[in-house]
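Hi,

Here is the structure I said I would pass on.

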Amino acid sequence: TLDRGETYQLKAEITPSDAKDKNITWKSKNEKIATVKNGVVKAVGKGETVITATTSNGKTDECTVVVLNNDTKKTAKGDPTALRK
């Protein structure tokens, strides 16, 4: 959960550690709520959206982001930290 205007760095780990292609594509389901670039989520509007991390071979993981106007409570559902190749 983020306040509008805040940012948060998501981290994704590709395993095995010796995988040749470690590229990750990040995407927000609704960019009117939150945008994402290189894993940095920016809360832009009130609501809920899903951030997806995708490897070059199609493995994915998701994180739900809730954007509030002025609440300071921070929680997370999901965490794209274990993408498997």
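To start with confidence: this is a predicted model, and the chain has a mean pLDDT of 86, with 81% of its residues reaching 70 or more (pLDDT is the predictor's confidence in each residue, from 0 to 100). Among the elements of the chain, strand 5 has the highest mean pLDDT, 98, while strand 9 (residues 83–84) has the lowest, 46. Where pLDDT is low, the predicted coordinates should not be read in detail.

Some housekeeping. Residues are numbered from 1 along each chain as its sequence is written, and side-chain values use heavy atoms, with hydrogens and water left out. As the model is predicted, local features need pLDDT of at least 70 and side-chain atom pairs count only at pLDDT 80 or more, whereas totals for chains, interfaces and linings use all residues.

Now the strands (DSSP runs of E, at least two residues, numbered from the N terminus; two of them pair if DSSP finds at least two bridges between them). Three strands make an open sheet in the order 2-6-5, with antiparallel pairing. Strand 2 (7–9) and strand 5 (34–37) are at the edges with a single partner strand each, so one side of each has no neighbour in the sheet. From one strand to the next, the twist averages 20° (axes are lines fitted to C-alpha atoms, and angles run from 0 to 180 degrees between N-to-C directions).

Within that sheet, strand 2 and strand 6 share three bridges, and Y8 has V41 as its bridge partner in strand 6. The hairpin of strand 5 and strand 6 has two residues between the strands, and N38 takes a positive phi near 55° in it. Strand 6 has V41 and A43 on its covered face, with V40 and K42 on the uncovered one.

Elsewhere, strand 7 (residues 47–55) and strand 8 are antiparallel over eight bridges, with V50 opposite T64. Their hairpin has four residues between the strands, and G58 takes a positive phi near 90° there. Strand 8 (residues 60–68) also pairs with strand 1 (residues 2–3), in the parallel sense and over two bridges; D3 stands opposite L68.

The loop between strand 7 and strand 8 also holds S56. What does the side chain of S56 contact? It makes a polar contact with the side chain of D21 at 2.6 Å (a pair of N or O atoms within 3.5 Å, one able to donate a hydrogen and the other to accept it; residues adjacent in sequence count only if both atoms are side-chain atoms). S56 and D21 are 35 residues apart along the chain, and their C-alpha atoms are separated by 7.2 Å.

Of its 13 residues, L10, W26, V41, I51 and V65 touch the most other members. Strands 5, 6, 7 and 8 each give two or more residues to this core, and strand 8 gives the most, with three. Leaving out residues up to four places away in sequence, V65 touches L2, A34, V41, G47, E48, T49 and I51 (heavy atoms within 4.5 Å).

Cheers

Note on methods: Buried < 20%, exposed > 50% of the residue type's maximum accessible area, 1.4 Å probe, protein only. Core = buried A, V, L, I, M, F, W, Y, C linked by side-chain atoms within 4.5 Å.
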